[in-house]
Amino acid sequence: MINRTKPKVTLVGAGPGDPELITLKAILALNKADVVLYDALIDKSLLKHAPHNAIKVFVGKRVGKHSCPQDETNRLCVEHALKHGHVVRLKGGDPFVFGRGAEEIDYIEAFGIPTEVIPGITSAISVPAAVGIPVTKRGSSESFWVITGTTTSGELSRDIALAAKSTATVVILMGTKKLSEIVACYQQEGRTSMPIAIIQSGTTKEEKLVASTISDIEEKSRLSQIAAPAIIIIGEVVRESYRLKEVYEEVVKIAV
């Protein structure tokens, strides 16, 4: 049978994990999907918003597990669009915040297939907010950095060393395996008392939170068995969290 539906690919941000934090526009796009290609970090309940006869294909990537290579995901977007029509590429967070969304669009549009981007709520801001950490606060932090912990070469981003010199809030994604190197950057700047929090699986039922200062976060992270996917937040704003009030009151007592 010849497909008479015009091919199209919509990149949709699913938000940080909580299925209620997806946007209305994203839901409306899913309602009209012929195919959904979805990532590992999305809540699978979101797939219910697609038509029951829509094709659903998992193309996720997880650390230490078998994953669908990016080239294969790109190919599937084009193949399904040409064969079935409207493809929704459902990605965790926001497609353009370390989501390789721009790369996917470049590839898809090279085949003359129109694309659309529906932004998502990025975990870089929403996950800290969900536990009461504002990434900025007047008199405390005038800006914030969002940095990948691990570059494509597997190395720690050099931007972290630069950020450690500033008073900005630093939010690091994909950095749990580089925690010791991140800590070393702050120690080198003499900022061992800087507050730091690590949030695993933020905004979901599996959320886990650990916080302290640069001086002992490695030990506390090990004892708490924090693992990916997790976000690291460094800065004075971490003290602002209502959930961490007792943690930092205790830190002050120990320091005294």
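Biologist: Where is Gln225 found?

Modeller: This is a predicted model. Gln225 sits in the loop between α7 and β10.

Biologist: What is the phi of Gln225?

Modeller: Start with the general idea. Most residues other than glycine have a negative phi. Gln225 is not a glycine, yet its phi is positive, about 55 degrees.

Biologist: Is Gln225 buried or exposed?

Modeller: Exposed, because its relative accessible area is 62% and the cut-off for exposed is over 50%.

Biologist: Now peptide bonds. Which residues does a cis peptide bond join?

Modeller: Again, the general idea comes first. Most peptide bonds are trans. Here a cis bond links Ala228 to Pro229, with omega about 0 degrees. Pro229 belongs to the loop between α7 (217-224) and β10 (230-234).

Biologist: On to the sheet. In what order do the five strands stand?

Modeller: Read across the open sheet: β3-β2-β4-β1-β5, with parallel pairing. β3 (55-58) and β5 (115-118) stand at the edges; each has a single partner strand, so one side of each lacks a neighbour in the sheet. On average, neighbouring strands of this sheet are turned by 20 degrees against each other, direction ignored.

Biologist: How many bridges join β2 and β4?

Modeller: Four. Strand β2 (residues 35-38) pairs with strand β4 (residues 86-91) in the parallel sense. Val36 stands opposite Val88 in β4.

Biologist: What do the buried residues of α2 pack against?

Modeller: They pack against β1 (8-13), β2, β3, β4 and α3 (101-109). The buried set includes Leu76, Val78 and Ala81, and also Gln70, Asn74 and His80.

Biologist: How many residues does α2 have, and how far does it reach?

Modeller: α2 (residues 70-84) has 15 residues. From first C-alpha to last it reaches 21 Å, close to the 21 Å expected at 1.5 Å a residue. Gly85 follows α2, with a positive phi near 115 degrees.

Biologist: Last one. Is Ser126 buried or exposed?

Modeller: Buried, because its relative accessible area is 12% and buried means under 20%. Ser126 is in helix α4 (residues 123-130). A polar atom of its side chain lies 2.8 Å from the backbone oxygen of Thr122. Setting aside neighbours within four places in sequence, Ser126 contacts Pro16, Ile121 and Thr203.

Methods:
Residues numbered from 1 in each chain as written. Predicted model: local features only at pLDDT ≥ 70, side-chain atom pairs only at ≥ 80, totals over all residues. Heavy atoms only, no water. Helix = DSSP H or I, 4+ residues; strand = E, 2+ residues; numbered from the N terminus. Buried < 20%, exposed > 50% of the residue type's maximum accessible area, 1.4 Å probe, protein only. Polar contact = N/O pair within 3.5 Å; in protein donor to acceptor, adjacent residues only side chain to side chain. Contact = heavy atoms within 4.5 Å. Pairing = 2+ DSSP bridges. Axes fitted to C-alpha atoms, helices over the stretch in contact; angles between N-to-C directions. Expected span 1.5 Å × (residues − 1).
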